[in-house]
Amino acid sequence: MGSNIDPGPMDKSVLYDQNNHISSAIWEGQERSVLRCHEHTSMLEQWKLTPKQIELIEKAGFGYFRMIPTISLDNALISALVERWRKETNTFHLPVGEMTITLEDVALLLGLPIDGKPVIGVTRPPGKVCENLLGKVPEDLTGGMLKLTWLKESFSKCPEDAPVEEIECHTRAYLLYLVGCTIFSTTTGNKVSAMYLPLFKNFDEAGKFAWGAAALAFLYRALGNASLKSQSTISGSLTLLQCWSYYRLSVGNPKFNQEPNDGCFPFALRWKGRATGPRSNSNIVAYRKALDSLQPSDVKWLPFKDLDYSPELEDIKESLILRASETVLICFDKAERHLPDRCLRQFGMLQPIPKDVQRWERKIRFSDQGLDVSKEMNIQLKGKNQAELKEWIDRRLHIVEGEESVDENNYMEWYERITRKFVGRPESLESEFQRIITAMREIADIAESLSKDQMGFQDRQSLDEIKNIALNSLMDVVEDSKSRRRKIAAKRKREHDPTISKEVALDVWMH
């Protein structure tokens, strides 16, 4: 079973880049190791912020976001999700249909503003920018990148009685560090680009940027890059990706040491009290299988449906209309499409067959090294290269609305033809039995090899029990395997069929 299964897509009009996708390599038996995940949040808690700094951080739009603690990344889960991501559609292709991380997920999980000015700016000499906005320049400023370690060493302790200018320099350094190790983390390591720094020059103005939309553009780009068979790393807001999976798919969710923090905002804080210590033994193959066999009942289509919004969250609630905006997400020269029409069930709507995806220019080119956007509606659009900026400005004019008379069976029939059905090859019954038998033998052998000399009576009894359970299970599996072989042989004989079909094998397996 598995050798003659076509994983798809049968119709290559949507997933036209299948040959370069990691799922092609996996199907051919070329496994890549788990992705190296670049998010550098472990040192964030070492920053000592004064009340005045926190006030400035809130003005800049990062008041909620800064409260999210370091959430331990599950590299295997992230890698399995990446295998399902398609940059042709900016969606995950799952057995249940397409799903994606939307502006709603960013607003509610991370607490970042998703409405406002696009995150772009004029490119200036990084040395001058550092001197003007931080008050000092690092010795090593290669390629306009600052080391996160330099920022922390130089600015992580702001004196309580520091003058206003010094407080502002320390706060800008913190904000640059914060975005550099989270939403704009790079695969180059422990560095952040100085290009974000001018956006923090004025804290009130900084608060008018759509940081959440930029974070999503950056993550979409990172997912698209990591989904190619040639890649081995991923960056961007991996906390967002992982928490999205926890909320929507319940795949790989950690157990809690205490009750989940359901009343906290942003909602990523729900995972703050997760169990410490080693995570479950799930590896990338186990996660891949879980995603390959996902059922509609396994999906939480509307995880935020019944959440209460406190009065201070009114701004965020108001902006959530953009969750269904068909627009372009912008982060400096990155332009990525937000395509909610492909994932309408995530908004409580029925899913029709979506319109064809137009291939888009993923890079905005500015003839003058950037564009100053001090006043959003006064952006001077310069030629056709600024069409992406115009789309963002018109974002409220392109809110997708659902239809009432939709037959989702038509969607699923269409989807079956255009999607990649499997990432991992379905295991034959024979190899699955062999795997279980091998595992049981290993457990019995380990139990047998342990020395009982230093054990108490109860421990010896428990060890014998483990060994007996393993041996009995092993015998049951072997018997089961023989029984199924006999049934399959009998069925073959009855049907005069020299080769067993997948359907017959499955029928015997189930019954």
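This tour moves through the structure stop by stop, naming what to select and what is found there.

**Before starting**

The model is predicted, and local features require pLDDT of at least 70, side-chain atom pairs count only at pLDDT 80 or more, and totals for chains, interfaces and linings use all residues. Residues are numbered from 1 along each chain as its sequence is written, and side-chain values use heavy atoms, with hydrogens and water left out.

**The whole chain**

Display the protein chain as a cartoon; its secondary structure comes to 17 helices and 9 strands. These elements are DSSP runs numbered from the N terminus, helices being H or I with at least four residues and strands E with at least two. Of the 511 residues in the protein chain, 51% are buried. Buried means under 20% relative accessible area, exposed over 50%, and partly exposed in between (1.4 Å probe, protein chains only). A contact here means heavy atoms within 4.5 Å. Among contacts between residues at least 6 apart in sequence, 77% join residues at least 24 apart.

**Helix 10 and helix 4**

Select helix 10, residues 238–248. This helix is mostly covered, with 11 of its 11 residues buried; Trp244 and Tyr246 are among them. Just after helix 10, Ser250 takes a positive phi of about 50 degrees.

The axes are lines fitted to C-alpha atoms, for helices over the stretch in contact, and angles run from 0 to 180 degrees between N-to-C directions. Helix 4 and helix 10 are therefore roughly perpendicular to each other (under 35 degrees counts as roughly parallel, over 145 as roughly antiparallel, 65 to 115 as roughly perpendicular and the rest as oblique). Helix 4 contributes Glu104, Asp105, Val106, Leu109 and Leu110 to the contact, while helix 10 contributes Leu240, Cys243, Trp244, Tyr247 and Arg248. By class, this contact has 7 nonpolar, no polar and 3 charged residues. Ala, Val, Leu, Ile, Met, Phe, Trp, Tyr, Cys and Pro count as nonpolar, Asp, Glu, Lys and Arg as charged, and the others, Gly among them, as polar.

**Salt bridges**

Side chains of opposite charge can pair when their charged atoms come close. A salt bridge is a side-chain nitrogen of Lys or Arg within 4 Å of a carboxyl oxygen of Asp or Glu, and by this rule the count comes to 21.

Select Arg288 and Glu31, whose closest N and O atoms are 2.6 Å apart in a salt bridge. The pair links distant parts of the chain, 257 residues apart: Arg288 is in helix 11 (residues 284–292), and Glu31 is in the loop between helix 1 (22–27) and strand 1 (36–37). Arg288 is buried at 6% relative accessibility, whereas Glu31 is partly exposed at 45%.

Next, select Glu336 and Arg221, which also form a salt bridge, with closest N and O atoms 2.6 Å apart. Glu336 lies in strand 9 (residues 334–338) and Arg221 in helix 9, so the pair ties together parts 115 residues apart in sequence. Glu336 is buried at 0% relative accessible area, and Arg221 is buried at 17%.

A further pair is Lys355 and Asp341, whose side chains meet in a salt bridge at 4.0 Å, N to O.

**Lys208**

Move to Lys208, in the loop between helix 8 (203–206) and helix 9 (211–226). Lys208 is partly exposed at 44% relative accessibility. Not counting residues up to four places away in sequence, Lys208 touches Asp115, Gly116 and Lys117.

**Backbone details**

Most residues other than glycine have a negative phi, and most peptide bonds are trans. Select Asn90, which has a positive phi of about 50 degrees although it is not a glycine. Asn90 lies in the loop between strand 2 (85–86) and strand 3 (91–94). Phe332, also not a glycine, has a positive phi of about 55 degrees; Phe332 is buried at 6% relative accessible area.

To end, select Gly8 and Pro9, joined by a cis peptide bond with omega about 0 degrees. The peptide bond from Phe265 to Pro266 is cis, with omega near 0 degrees, and Pro266 is found in the loop between helix 10 and helix 11.
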